[in-house]
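Biologist: Hi! Could you walk me through this one while I have it open on my screen?
Modeller: Happy to, let's go.

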Amino acid sequence: MPDTVVLARVAFALAWFGVQAALISTAGDRPDAAFGFRMFSESSTIEAHLTRTVVHAGRTVELPVEDGTWTTREPTGRGHNCSWHDRVKERILATFDRTIPASYSAAAQVTRWQAALADVALHLEPDGETRALNLTLTVHRNGHEAVVTHASAVVTP
Amino acid sequence: MINGPRRWALELGDTYVLGLVRALIGLFLFWHALVLGQDLSQHGYFGDAFHLPILPESWVLPLRWYATLLAIRVILAVMVTVGHRARYALFFSALLSLYVMLCDRIQLHHNRFALACYAFLLAFTPCDRSFKITAPEETSASSRVGPLWAQRLVQLQCCLVYLASGGAKLLDPDWRDGSVLGDRFFRYGYQADSYGVPANLIHLFQQPFTAGLLAKLAIATELFLAFALLSKRTRIFALWWGTMFHLTIQVTSKVEIFTWLTLSIYALFATPDTLARRLSFDPDNPRAVFTARFVALLDWLARFDIQPWKPDQLKRGHALVITRRDGTHATGLAAFAMCTRCLPLLFPLWAPVAFVASFTRKGETSETA
């Protein structure tokens with residue numbers, strides 16, 4: 001068999017494992033360590049609490065949101081239902097006020113929740129009263145003390 | 001050219017087991033496509049809702065095209081399983097699988113990425129020369145001999161997964177001191193309790209010292225497997241230890257198909273030949289006939305050449321005799337140990353049976369074939 005075949009196979013192997021090595025060695029730079037084969041990297045939990053900032057009678061107040069769903073009143077007086085679940089289908093990114101496992105690391109879930117918050121706020125139909133959505137994430141990483149993270153996303157009027 | 005790479009690049013061998021692994025990978029690809037189809041029907045298209053693409057958003061297909069892509073993946077998975085243009089089907093299955101993961105990293109799971117990697121590498125192996133349902137006549141022993149260089153890459157990929165996983169744990173202080181495992185035991189102890197695990201045992205596992213010890217064992221196991229699978233001397237024990245490791249994970253955690261995927265890939269570590277051992281049985285002995293049929297049924301890797309024999313001086317009094325690769329014979333407990341070593345379904349029994357068998361010469365015969 002000609003040496004070119006051998007060389008081609010060696011080059012293929014080097015290229016494949018070069019890419020794999022690069023993905024694995026840089027996995028720590030990605031919150032979810034994507035492509036890094038880091039199985040069971042953590043035993044962390046996360047609890048999400050959602051509120052919305054509304055303007056009512058000229059005052060700005062923060063109202064709790066239960067199970068990601070809330071009702072607003074349109075200027076016409078008609079009720080309007082809004083739901084986090086309309087945009088976020090992934091179950092673990094749509095479970096509120098309950099401690100759930102933070103799959104693929106706490107950092108991965110915090111990043112995803114924050115991205116989901118921005119996405120929901122961006123796609124929320126203006127209801128005349130919601131000014132912002134606020135997310136409080138309580139994270140226990142590997143059984144350590146809780147770390148609380150706050151994030152807000154302004155609702156485009 | 002250096003001799004080692006040349007030998008690797010030009011190595012030939014029987015590809016029977018490659019065909020079996022290909023068919024199994026096809027089933028996993030089929031399962032994965034079905035899961036995505038189920039997600040689509042139950043929750044709608046991820047592209048129309050919140051998702052986290054790694055690719056530019058404009059590269060994410062609209063719903064109609066995504067549904068078509070899923071249908072193509074199902075067809076490709078079937079082609080891989082039955083062996084019809086299987087290598088092309090593997091190649092495109094891997095690419096489409098990777099594409100979907102790049103369209104939404106929320107769908108990126110280690111086991112699915114590993115499946116895509118294995119499928120991609122298998123596409124470069126002659127895995128279409130056996131277990132070919134569409135053309136079984138094309139799978140004779142001589143036509144099955146093919147290059148093994150890409151099969152060796154699949155083996156290396158498997159070891160790399162262990163190295164990445166074990167290495168990351170080794171570098172993580174929370175893993176090293178047992179915090180990760182301890183917290184899991186603490187939080188999920190009630191589940192073990194509901195399965196009837198004794199409370200004392202659960203309590204023991206939840207102790208920091210025990211959790212720390214088990215964490216170190218898990219790290220050592222993954223790093224051991226990364227290297228021991230590559231050595232002929234340690235491979236059989238590594239395969240057994242890895243099998244037990246994965247079965248334990250399967251029982252205690254949710255890992256989708258990862259256990260079965262890895263155990264399927266383990267088959268590629270078997271010596272690339274077939275019928276290298278002979279199992280002779282007494283055709284007049286109903287128990288021997290039953291045992292021989294049982295072995296034939298479970299001999300998925302074609303390790304045994306199973307033949308009836310005419311009683312002779314050696315075999316008199318034995319229901320069956322196994323002739324090993326080196327020509328030595330084994331009966332009784334030693335033969336059972338050989339069966340547990342070669343039959344995938346009995347493999348979890350191999351180490352304890354071989355350990356017991358090592359204390360006795362019963363069943364070993366000094367004569368060679």
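Biologist: How many helices and strands does chain B have?
Modeller: Chain B has 15 helices and seven strands. Keep in mind that this is a predicted model.

Biologist: What does the C-alpha trace of chain B span along its principal axes?
Modeller: About 75 × 55 × 50 Å. Chain B has 369 residues, and 51% of them are buried.

Biologist: And what about the contacts in chain B with a separation of 6 or more?
Modeller: Of those contacts, 72% are between residues 24 or more positions apart.

Biologist: How far apart are the mean positions of the positive and negative charges of chain B?
Modeller: They are 5 Å apart, for 35 positive and 25 negative charges.

Biologist: Let's move to the two chains together. At what angle do helix 1 of chain A and helix 5 of chain B pack?
Modeller: The angle is about 170°, and the axes are 13 Å apart. An angle over 145 degrees counts as roughly antiparallel, so that is what helix 1 of chain A and helix 5 of chain B are to each other.

Biologist: Which residues meet there?
Modeller: From helix 1 of chain A you have Phe12(A), Trp16(A), Gln20(A) and Leu23(A). They meet Phe113(B), Cys117(B), Phe120(B) and Leu121(B) in helix 5 of chain B.

Biologist: I clicked on Gln157(B). Is Gln157(B) buried or exposed?
Modeller: Gln157(B) is buried, at a relative accessible area of 0%. Gln157(B) sits in helix 6 of chain B, residues 149-171.

Biologist: What does Gln157(B) touch?
Modeller: Leaving out residues up to four places away in sequence, Gln157(B) touches residues of both chains. From chain A there are Trp16(A), Phe17(A), Gln20(A) and Phe37(A), and from chain B there are Cys117(B), Tyr118(B) and Leu121(B).

Biologist: Gln151(B) is in helix 6 of chain B too. Is Gln151(B) buried or exposed?
Modeller: Buried, because its relative accessibility is 4% and the cut-off for buried is under 20%. Residues up to four places away aside, Gln151(B) touches Leu18(B), Thr125(B) and Leu268(B).

Biologist: How many residues of helix 12 of chain B are buried?
Modeller: Seven of its nine residues, so helix 12 of chain B is mostly covered. Among the buried ones are Phe258(B), Leu261(B), Ile265(B) and Tyr266(B).

Biologist: What do those buried residues pack against?
Modeller: The buried residues of helix 12 pack against helix 2, helix 5, helix 6, helix 10 and helix 11 of chain B.

Biologist: Staying with helix 11 of chain B, at what angle does it pack with helix 15 of chain B?
Modeller: The angle is about 130°, with the axes of helix 11 and helix 15 being 10 Å apart. That makes helix 11 of chain B oblique to helix 15 of chain B. Ile236(B), Phe237(B) and Trp240(B) in helix 11 meet Trp350(B), Ala351(B) and Pro352(B) in helix 15.

Biologist: Now for backbone angles. What is the phi of Leu275(B)?
Modeller: Leu275(B) has a positive phi of about 55° although it is not a glycine. Leu275(B) lies in the loop between helix 12 and strand 3 of chain B, and with 45% relative accessibility Leu275(B) counts as partly exposed.

Biologist: And what is the phi of Asp97(A)?
Modeller: Asp97(A), not a glycine either, has a positive phi of about 55°. Asp97(A) is in the loop between strand 4 and strand 5 of chain A, and is partly exposed at a relative accessible area of 36%.

Biologist: Last one: where does Val154(A) lie?
Modeller: Val154(A) lies in strand 7 of chain A, residues 146-154. Val154(A) is exposed, with a relative accessible area of 65%. Apart from neighbours within four places in sequence, Val154(A) is in contact with Ala121(A), Arg131(A) and Ala132(A).

Technical notes:
Residues numbered from 1 in each chain as written. Chains lettered and ligands numbered in written order. Predicted model: local features only at pLDDT ≥ 70, side-chain atom pairs only at ≥ 80, totals over all residues. Heavy atoms only, no water. Helix = DSSP H or I, 4+ residues; strand = E, 2+ residues; numbered from the N terminus. Buried < 20%, exposed > 50% of the residue type's maximum accessible area, 1.4 Å probe, protein only. Contact = heavy atoms within 4.5 Å. Lys, Arg positive; Asp, Glu negative; His and termini not counted. Charge placed at Lys NZ, Arg CZ, Asp CG, Glu CD. Axes fitted to C-alpha atoms, helices over the stretch in contact; angles between N-to-C directions. Parallel < 35°, antiparallel > 145°, perpendicular 65-115°, else oblique.
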